[in-house]
Amino acid sequence: MWAIAIRSCLFISMLAAGAAPVIAQHEYTSSEIEAGRQQYAANCTRCHGPDGDNVANADIGHGKFRRASTDEELVQLIRNGVPNTAMAGMNNISEPNAKTIVAYLRSMAATAAAVAALPTGDAARGKAVFESKGGCTNCHRIGDVGSRAGPDLSQIGAQRRSVELHRSLIEPDAEIVPANRLIKIVTRDGATITGRLLNQDSFTVQLLDAKDEKLKSFSKSNLREFAFVDKSTMPSYKDKLSTQELSDLISYLSSLKGQAQ
Amino acid sequence: MIRRTILLTLITAASLQAQVSYERILRAGQEPQNWLTYSGNYNGQRYSSLVQITPENVKNLELQWIFQARSLEKFEATPIMTDGIMYTVEAPNNIVALDAATGRVFWTYNYTPAQAARPCCGRVNRGLAILGDTLFMATIDARLIAVDAKSGRPLWNVAVAKPESGYAMTVAPLVVKDKVIVGTAGGEYGIRGFIAAYDAKTGKEAWRFYTIPGPGEPGHETWPASNNAWEHGGASVWVTGSYDPDLNLTYWGIGNPGPDWNGDDRGGDNLYSCSVVALDADTGKLKWHYQFSPHDEFDYDSTQVPVLVDTQWQGSQRKLMLWANRNGFFYVLDRATGQFLLGKPFVEVNWASGFDEKGRPQRIPGMTPSAQGTLILPGNQGGTNWYNPSYSPKTGLFYIPTWANYSSLYVKQPVEYQEGRNFGGGTPRPTTPTGIRTTVNNYAKEDEGYGAIRAVDPHTGQMKWQFKMTDVTDAGVLTTASNLLFSGGREGYFYALDARDGKLLWKFPVGGRVISGPMTYSLGGKQYVEVAAGNSLFVFALK
């Protein structure tokens, strides 16, 4: 959730060092940025990665563009591509949609500061934090290890930005992806079950019981209560891990791109 | 407080027991409420000991729910059902987890096969295997994929063979101990078939058995020394094998040699095409084989599920294998040794007159494909095909979905091997009007190429009864301990027969071809019967 409009000019001087000068002429609204986030995820993440730093010499998540500087130039670059490179023109992205991607790119750089301030992370150490001190496998699963009660993190590095992982670790309630919501139900005979909502329709609900990890289906007419759990069940790691450990953990999570299709 | 409770419960969740252990699969017959393998259990009998639905009350079956697949391909999969969750495949290769009581979807795993995939005879899939909390699917682009049964997330995905060379997989895998066993299709494209086992945890290949032996291996001499026909000789695997835990042998039916209809360049018996092979389940080493159709030129794949039966045979207890083959003969073999015990035609046959004492068919001279065409019974689709038969220990009868009085005109043509291209070498033309796929059926004569369920006494090979259909059938058969038999056909009915005499007890117009084997399970004290028809999956239970 992006609660505030980003003044794109604010961060340019901070993050564009060493790259072509970034000249942004616009101020973007949170809805534009959110639309751009979705466009970016659908069209850009596969090559550029969620942090925008997968392609050498084109760290677009930090405002480092080699062949464009103004917002208009970026829009044209997205739609026309770069000849003789893997960056193909994406005519299917309309100009207004391309503009939202630019809005999102500008916002990425602005919001990367929290992670940029962390010490350099080490993925191997982060794996150890994940499996021991962090206790993360009690709720999360990577590959075939860990619980299914929380979101599976096998491909989290291909899906989420470092800054988003950081925020989830220190402020778990700040944003809960809808598909990751827990629901609590109470059946007419008094049984209480909490689990991950998998599917529902007007008459039934399907969930993964967080306790026994079984797939369960209920008729809504047999339920006394049916509600989402407001707060995340994940603890904040703000005071539980050192900044170094947090950075290691984020490095590890960012390295998880999944192994299978 | 809720939060604390949830946290505590989440922590205990990590030490959960795996869902379907090997021991459970081994004893699947003892938990008939579930359906844990393609055939229901290792013996391939498609027989359930559930008895709530009986010949007396089957008329009270009513539809419980329908799952409509988002696929226009043929729906050939038999689901797995364990502990209330049904897992099936939307063709070609999407896995769906359904609530077995309501049909509502828990999750789907969508897989897009490579464009190079070109399976003969439909972009289909016949089902899944499960071990622990992991599902296994063989894909039409010849990959084996492991998926978490709770979440639908992929765990590993390995290449079994190259789709560019014509390899494909439509088989439901077979789990034995810690391995997942699959076989490759592609016999119409000049592959060299194989069966391979993969570590269930990692996807690493554990063993491989080529269904065409290479130079220096026994059986290689059944291919010409003068050319490389063996390298493109086909010998596919289309359906799931069986397993005898006492003998530790896994049995698989092997498909036709290639080119299908022109054997001129592949003189010899062409092992192990059109055979059953008995492999050590740990090593893949061949223990024995029996070839049903040496040097086949009629596309008579031995693409059947081996049915394992322990019973009396001529006065002593024997470990038997029953097999109704595409070539029109019903066989009884000793599954410990491969010894031929009986071979009798179950449909009209004109390519062989009988067998010698070792079980080699005695060919009728002149009955081979020719340039002008030769009329052969059974025709190209066979007396039966990949759809499963059933054996009921209760009635002692073996039930075969049959194409009766059906022939093809086999025309032979020259063909040269080109990687990934069709390697048929001829055209089999149906001479009886079968294969009807329209909604009308007004040009077949009575008793000409009709479908039937035929009940055969395994001790004699004699037909006890038959249930005739107007059109032919691609439906498998399920039997139960209450003497019920469930099947369907191309006409779009799902029906129940009395397994003792073939009398029709109940039918339901599912409105699409039944091209799968029915299965049954029980939940909350209620027995369900499942069948896929058209593009949907139907589930019935008593009112």
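Tutor: The secondary structure of chain A comes to 10 helices and 9 strands, where helices (H or I, at least four residues) and strands (E, at least two) are DSSP runs numbered from the N terminus. This is a predicted model, in which local features need pLDDT of at least 70 and side-chain atom pairs count only at pLDDT 80 or more, while totals for chains, interfaces and linings use all residues. Residues are numbered from 1 along each chain as its sequence is written, and chains are lettered from A and ligands numbered from 1 in the order in which they are written.

Of the 261 residues of chain A, 38% count as buried; a residue is buried if 20 or more other C-beta atoms, placed from the backbone, lie within 10 Å of its own, exposed if 12 or fewer do, and partly exposed in between. Among the contacts of chain A with a separation of 6 or more, 63% are made by residues 24 or more positions apart, a contact being a pair of residues whose C-beta atoms, placed from the backbone, lie within 7 Å.

The domain assignment divides chain A into domain 1 (6-111), domain 2 (123-175 + 234-254) and domain 3 (178-228), with bounds that come from an automatic or database domain assignment. Between the C-alpha centres of domain 2 of chain A and domain 3 of chain A there are 26 Å, and 4 residues of domain 2 of chain A are in contact with 4 residues of domain 3 of chain A. On the domain 2 side of chain A, the residues that touch domain 3 are 2 nonpolar, 1 polar and 1 charged; here Ala, Val, Leu, Ile, Met, Phe, Trp, Tyr, Cys and Pro count as nonpolar, Asp, Glu, Lys and Arg as charged, and the others, Gly among them, as polar.

For a close look within chain A, take the helix pair H4(A) and H5(A), whose axes come within 9 Å and cross at roughly 120°. Those axes are lines fitted to C-alpha atoms, for helices over the stretch in contact, and the angles run from 0 to 180 degrees between N-to-C directions. The contact is made by A:Asp71, A:Leu74, A:Val75, A:Ile78 and A:Arg79 of H4(A), together with A:Glu95, A:Ala98, A:Lys99, A:Ile101 and A:Val102 of H5(A). By class, the residues of this contact divide into 6 nonpolar, no polar and 4 charged. In the loop between helix H4 (71-80) and helix H5 (95-111) of chain A sits A:Asn84, which has a positive phi of about 65° although it is not a glycine. A:Asn84 counts as exposed because 6 other C-beta atoms lie within 10 Å.

Chain B has 2 helices and 38 strands, and buried residues make up 57% of its 543 residues. Along its principal axes the C-alpha trace of chain B spans about 85 × 50 × 50 Å. Among contacts in chain B between residues at least 6 apart in sequence, 59% join residues at least 24 apart.

B:Ala235 is buried, since 32 other C-beta atoms lie within 10 Å. Chain B also holds a cis peptide bond between B:Ala91 and B:Pro92, with omega about 0°, and B:Pro92 is found in the loop between strand E4 (85-90) and strand E5 (94-99) of chain B. Another cis peptide bond joins B:Leu271 and B:Tyr272, with omega about -5°, and B:Tyr272 belongs to the loop between strand E16 (249-253) and strand E17 (275-280) of chain B. As background to these features, most residues other than glycine have a negative phi, and most peptide bonds are trans.

Finally, B:Trp107 is found in strand E6 (residues 105-109) of chain B and counts as buried because it has 20 C-beta neighbours inside 10 Å. Leaving aside its neighbours within four places in sequence, B:Trp107 is in contact with A:Leu198, B:Ala97, B:Ser151 and B:Gly152. B:Trp107 and B:Gly152 are 45 residues apart in sequence and 6.2 Å apart in space, C-alpha to C-alpha.

Methods: Contact = placed C-beta atoms within 7 Å.
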